Amino acid sequence: MKAKFDNVLLGFIIKSVFLSVVIVAFLTAIMSKVVLVFDLDNSYCAYSGFFVLFVTSVTVGFLSTVKFKNSLILMSVLSNVPILILSVINSIINKSFGQLCISVVIIAFGSVLASVFNAKRTRKLKV
């Protein structure tokens with residue numbers, strides 16, 4: 001029983017870290033291409049960063065908790081810890097406490113939204 005739990009936990013950690021890195025890199029590349037193609041001002045880069053953060057937190061939260069049936073909100077928040085660490089490092093480098101607060105709210109909202117989607121997918125409503 002303990003070995004099965006360890007395998008599930010290790011798989012969850014690896015999946016959440018891998019998905020976080022891949023999705024952030026992919027969406028950042030797309031958003032940077034959009035900024036370059038449309039010749040947008042630098043002020044839009046912060047908004048595109050928040051968009052990437054939101055989409056990543058929802059996607060990672062949903063895909064990491066597909067196998068779980070209980071504690072979906074907690075597992076979704078835990079799956080977004082690598083994104084939270086990235087946001088903290090980014091806010092320290094930019095010296096922006098406001099950016100960190102907005103990022104934490106976006107990650108929390110994205111995690112809850114992903115767990116709601118996952119809960120609706122797993123539970124069948126009886127009519």
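Residues are numbered from 1 along each chain as its sequence is written. Because the model is predicted, local features need pLDDT of at least 70 and side-chain atom pairs count only at pLDDT 80 or more, whereas totals for chains, interfaces and linings use all residues; side-chain values use heavy atoms, with hydrogens and water left out.

The protein chain contains five helices and zero strands, where helices (H or I, at least four residues) and strands (E, at least two) are DSSP runs numbered from the N terminus. The order of elements from the N terminus is α-α-α-α-α. Along the principal axes, the C-alpha atoms of the protein chain fill a box of roughly 50 × 40 × 25 Å. The accessible surface of the protein chain is about 8,800 Å², and 75% of this belongs to carbon and sulfur atoms. Accessible areas come from the Shrake-Rupley method with a 1.4 Å probe, and for residues only the protein chains shown count as cover. Of the 127 residues in the protein chain, 30% are buried. Residues are classed as buried under 20% relative accessible area, exposed over 50% and partly exposed in between (1.4 Å probe, protein chains only). Contacts (heavy atoms within 4.5 Å) between residues at least 6 apart in sequence join residues at least 24 apart in 75% of cases.

A nonpolar patch on the surface is formed by Phe 26, Ile 30, Val 34, Val 37, Phe 38, Leu 40, Tyr 44 and Tyr 47, which together have about 820 Å² of accessible area. Patches are made of residues with over 30% relative accessible area and no salt bridge; like charges are joined within 9 Å, and nonpolar side chains (Val, Leu, Ile, Met, Phe, Trp, Tyr) within 5 Å. A salt bridge is a side-chain nitrogen of Lys or Arg within 4 Å of a carboxyl oxygen of Asp or Glu. At least two residues of the nonpolar patch come from each of α1 (2-37) and α2 (43-64), and α1 gives the most, with four residues. Leu 40 is located in the loop between α1 and α2 and is partly exposed, at a relative accessible area of 33%. Asp 39 lies in the loop between α1 and α2; this residue has a positive phi of about 50° although it is not a glycine, and is exposed at 68% relative accessible area.

Helix α2 has 22 residues and reaches 32 Å from its first C-alpha to its last, close to the expected 32 Å. The expected span of a helix is 1.5 Å times one less than its number of residues. Buried residues of α2 include Phe 50, Val 52, Leu 53, Val 58 and Val 60. Thr 65 is placed in the loop between α2 and α3 (72-79) and is buried, with a relative accessible area of 0%. Leaving out residues up to four places away in sequence, Thr 65 touches Phe 12, Leu 72, Met 75, Ser 76 and Asn 118.

Lys 95 lies in the loop between α4 (81-94) and α5 (97-122). Phi of Lys 95 is near 55°, a positive value in a residue other than glycine, and Lys 95 is exposed at 76% relative accessible area. The disulfide count is zero, a disulfide being a pair of cysteine sulfur atoms within 2.5 Å. Cys 45 is partly exposed, at 34% relative accessibility, and Cys 101 is partly exposed, with a relative accessible area of 34%.
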